[in-house]
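Take a moment to get the sequence and the 3D view side by side. We'll walk through them together, stopping at a few places along the way.

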Amino acid sequence: MRVRETAQRSSTRRRRSGERDGGLSTLPVLPIRDAVHFPDELSTLLVGREKSLRALDRALKTDRLLLVVAQKDVAIDEPEPSDLYRVGVVSEAVQALPVPDGTMRVVLRGQRRAEIAEIVSSHPFALAAIKPIEVTETHSSEMEALMRECASLFERVAQMSKQVPAEAVTSVMYIERPGRLADAVAHHLPVKPALKQQVLEAADTRERLDVVIRLLLSELEVLQVQQDIRSRVEREMGDTQREYYLREQLRVIQQELNERDERGSEIEDYAERIARAKMPEEVAEHAEHEIRRLEKMPSAAPEGVVIRTYLDWLCGLPWAVETDDTVDIRVAHRILDEDHYGLQNVKERIIEFLAVRQLTSRQKGPILCFVGPPGVGKTSIGRSIARSMGRKFVRVSLGGVRDEAEIRGHRRTYIGAMPGRIIQGIKQCGTRNPVFMLDEIDKLGMDFRGDPTAALLEALDPEQNDRFSDHYLEVPFDLSNVMFIMTANILDTVPPALQDRMETIRFPGYTEEEKLAIAKGFLLPQNLAEHGLTPSKLKMDDAALLMVIRSYTREAGVRGLEREIARVCRKVARKVAEGTTRSTTVRTKNLADYLGRRRYRYGVAEAEDQVAAATGLVYTEFGGDIITIEVSFVPGEGKNLLLTGQLGDVMKESAHAALTFVKSRVERLGGNAELFRKHDLHIHVPAGAVPKDGPSAGITIAVALASAVTGRRVHRDMVMTGEITLRGKVLPVGGIKEKMLAAHRAGMSNVILPKDNDADLADLPEVVRETMHFHLVSTVDEALRLALV
Ligand code: ADP
């Protein structure tokens with residue numbers, strides 16, 4: 001601000017002095033590069049050239065006036081007179097400040113146009129004689145129009161060009177003199193100095209305006225082209241951008257389409273699998289409905305997974321896959337014999353069963369149920385039946401199943417729902433007519449989640465199992481061609497509704513002789529093969545096998561025996577692999593090297609006849625077994641009866657009955673009735689950890705009690721079984737065959753048993769019948785006579 005004011009004041013002063021200078025005068029010349037100075041304009045310059053500094057110095061020391069002239073060629077450092085334009089502007093150095101680098105910053109104000117008449121001297125700076133240029137100013141409406149045109153063109157240029165400051169436009173608008181307007185516009189125009197020089201040289205204002213307008217027009221044109229180029233570039237940029245977006249979009253669309261394709265092929269795949277599975281029409285319709293649901297779902301929908309799993313189940317079931325039955329009774333018999341030693345009764349029953357099936361081609365007979373302790377060959381007979389019929393075999397254990405859903409499946413609304421065990425078994429074997437073994441039906445439970453027995457009955461019932469409904473499948477599956485076989489360890493706990501539907505075949509367990517034969521003929525050869533051995537590498541003599549049977553196992557079946565044989569095989573296999581032996585014979589002498597110490601004492605009979613202890617026979621899910629019942633009088637009031645050894649209610653009751661009976665016979669037996677008055681009684685049945693129940697221990701408890709009361713000994717090799725009544729009758733009991741086998745296994749030779757069980761002895765193995773003495777009794781008195789010494 002202040003600069004401007006100072007400039008204005010001094011300029012008025014100088015104008016006066018300029019007028020006074022009139023005609024030809026001399027002024028130092030200041031050449032400028034890259035710019036043209038105009039009258040009435042302020043310009044700031046940096047003056048650095050030697051001659052220029054001197055010219056400035058001279059001016060500052062005199063009247064501060066200089067002739068500012070543009071150089072024709074910017075590149076020339078020391079311009080000669082001919083390098084300068086002839087027309088310049090007389091300017092006043094309004095301000096001059098030294099800059100630290102040795103140059104001067106000068107503010108110049110243009111005063112008027114002048115022409116170099118001649119260069120008076122060139123040293124130490126150019127001094128020129130100047131001739132003022134007369135300026136003609138005319139005012140007319142044409143000039144007015146030109147001025148407006150000029151101003152508006154300038155405005156447009158200013159709008160389009162970034163190099164014209166906005167203030168320039170405003171300041172130009174208020175100029176009234178046409179020449180001045182032309183100068184101001186030219187001063188601000190971002191054009192080459194040569195063009196600006198044309199404006200400076202135009203003395204006539206009308207001509208000057210024309211020049212400026214021409215400059216403006218061409219500038220506008222250039223700007224227009226520039227803008228076109230810019231917008232085209234921008235458009236092109238925009239296009240690439242657009243293309244990018246389109247491509248992105250295309251990519252997304254393609255991805256979507258691919259997924260649809262995959263979806264499509266998945267859907268096709270399912271459709272094909274449905275066709276291949278040959279489902280019944282109703283099922284296929286259901287499956288297709290599910291496919292349509294799947295199709296409509298977004299591919300990542302969680303529900304989709306559920307549907308896929310479901311469809312996989314539907315398509316994976318053998319709706320129409322069946323094996324052809326090859327029931328030839330003779331072949332079946334041969335196969336059963338091939339796979340199993342003994343079990344004559346069982347085999348006969350099975351052959352009869354198959355024969356009836358063959359003759360009637362009826363599927364709707366009763367269902368076989370194999371009852372017997374573990375390891376007696378129930379499963380393996382089942383397998384043989386399947387083999388002899390050319391059917392697949394599948395086995396599902398129902399032990400511990402309490403929930404109906406385990407049989408019949410969970411509805412699909414449950415997370416992780418699956419079909420029940422029956423359908424799972426069917427899928428696993430891959431045919432719809434397998435031999436299907438339902439294991440451990442005596443261990444089926446029942447609770448608030450529904451009765452599994454009911455669901456099982458539905459699966460087994462020939463009247464309705466052609467449309468077995470599994471909750472998960474939702475569509476019926478035809479089980480009518482399945483041959484079901486059930487197994488149980490004991491019959492007592494099999495739900496009565498199931499018992500009704502089945503035909504029981506008992507597997508009582510094996511005698512030592514049978515076990516030995518099974519070991520020699522089956523278990524040993526099978527295990528040799530499984531362990532990569534041959535009979536030449538490992539031999540076990542009969543005595544050793546018998547020792548395994550007697551001293552390392554105590555069981556009705558042969559599962560433990562098989563395990564021990566496998567153990568011997570493993571040890572020998574290791575030695576053979578290590579190269580320490582080539583052939584081994586296992587005898588009684590070296591058996592302990594393979595199996596360690598004996599685990600059971602063979603022959604449970606006591607070394608001497610005992611008082612107040614008797615040996616009974618029990619029948620459990622592990623088969624028959626022998627137990628010793630002990631009785632003891634302890635001083636007391638004679639009122640208490642203590643029973644220990646985890647006895648069930650039935651067994652406790654028979655203990656009470658036995659006690660009452662013995663009390664009533666004390667005198668006759670020659671016992672001491674006082675004992676009962678002054679003593680409490682304790683009856684213990686080992687092994688204490690095993691729960692026991694049943695009425696058949698009655699006779700044994702009575703014998704032990706009688707022995708305790710009379711002090712008479714009990715024969716040490718006498719075992720017994722039988723239920724008793726208060727009046728001393730002996731009633732028949734179950735499991736005779738299993739019990740006799742157990743007694744035989746234990747090396748006992750005398751058995752007391754109810755007379756009414758006589759018939760059961762008929763199907764005992766011959767060895768048992770030959771080596772044992774059966775004492776059939778109908779009263780406890782008879783039993784006491786036999787048992788007590
Ligand atoms: P379960 O089903 O009654 O518990 P398994 O059928 O599994 O018993 O039999 C156990 C093992 O004993 C099997 O290896 C089986 O082959 C064998 N086994 C059982 N009884 C006989 C037999 N009579 N003849 C040959 N091997 C038998």
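Predicted model: local features only at pLDDT ≥ 70, side-chain atom pairs only at ≥ 80, totals over all residues.

Let's start with V394, which has its place in strand β8, residues 393-397. Residues are numbered from 1 along each chain as its sequence is written, and side-chain values use heavy atoms, with hydrogens and water left out.

Is V394 buried or exposed? V394 counts as buried because its relative accessibility is 2%. The cut-offs are these: buried means under 20% relative accessible area, exposed means over 50%, and partly exposed is in between (with a 1.4 Å probe and protein chains only). Now look for K729: V394 and K729 are 335 residues apart in sequence, and their C-alpha atoms are 48 Å apart in space.

Next, find the ligand. How many residues surround the ligand? There are 19, and the closest are Y341, G375, K378, T379 and R559. A residue is counted as near when one of its heavy atoms lies within 4 Å of the molecule. Sorted by class, this shell has ten nonpolar, five polar and four charged residues. In that sorting, Ala, Val, Leu, Ile, Met, Phe, Trp, Tyr, Cys and Pro are nonpolar, Asp, Glu, Lys and Arg are charged, and the others, Gly among them, are polar.

Some of the atoms pair up in polar contacts, meaning N or O atoms within 3.5 Å of each other; within protein, one must be able to donate a hydrogen and the other to accept it, and residues adjacent in sequence count only if both atoms are side-chain atoms. An oxygen atom of the ligand is 3.2 Å from a polar backbone atom of V376, and a backbone N or O atom of G375 lies 2.8 Å from an oxygen atom of the ligand. Y510 uses its side chain instead: an N or O atom there is 2.8 Å from a nitrogen atom of the ligand. On its own the ligand has 550 Å² of accessible area, and the protein covers 89% of that. Those areas come from the Shrake-Rupley method with a 1.4 Å probe, and for residues only the protein chains shown count as cover.

Which elements give two or more residues to the shell around the ligand? They are α12 (378-389), α17 (512-530) and α19 (559-578). Stay with α19 for a moment, as C569 has its place in that helix. C569 counts as buried because its relative accessibility is 0%. C569 and K539 are 30 residues apart in sequence and 9.8 Å apart in space, C-alpha to C-alpha. Compare that with Y594 in helix α20, residues 591-595. Y594 and F622 are 28 residues apart in sequence, yet 26 Å apart in space, C-alpha to C-alpha.

What about a whole helix? Seven of the nine residues of α15 (residues 452-460) are buried, so this helix is largely enclosed by the rest of the structure. The buried ones are P452, T453, A455, L456, E458, A459 and L460.

Loops deserve a look too. S161 is in the loop between α3 (141-160) and α4 (166-173), and S161 is buried, with a relative accessible area of 6%. Its side chain reaches the backbone nitrogen of Q163 at 3.0 Å.

L343, in the loop between α10 (329-339) and α11 (344-360), has a positive phi near 50° and is not a glycine. D34 has a positive phi of about 65° and is not a glycine either; D34 is in the loop between β1 (25-32) and β2.

One last stop is P124, in the loop between β5 (104-121) and β6 (127-132). The peptide bond from H123 to P124 is cis, with omega near -5°.

Methods:
Helix = DSSP H or I, 4+ residues; strand = E, 2+ residues; numbered from the N terminus.
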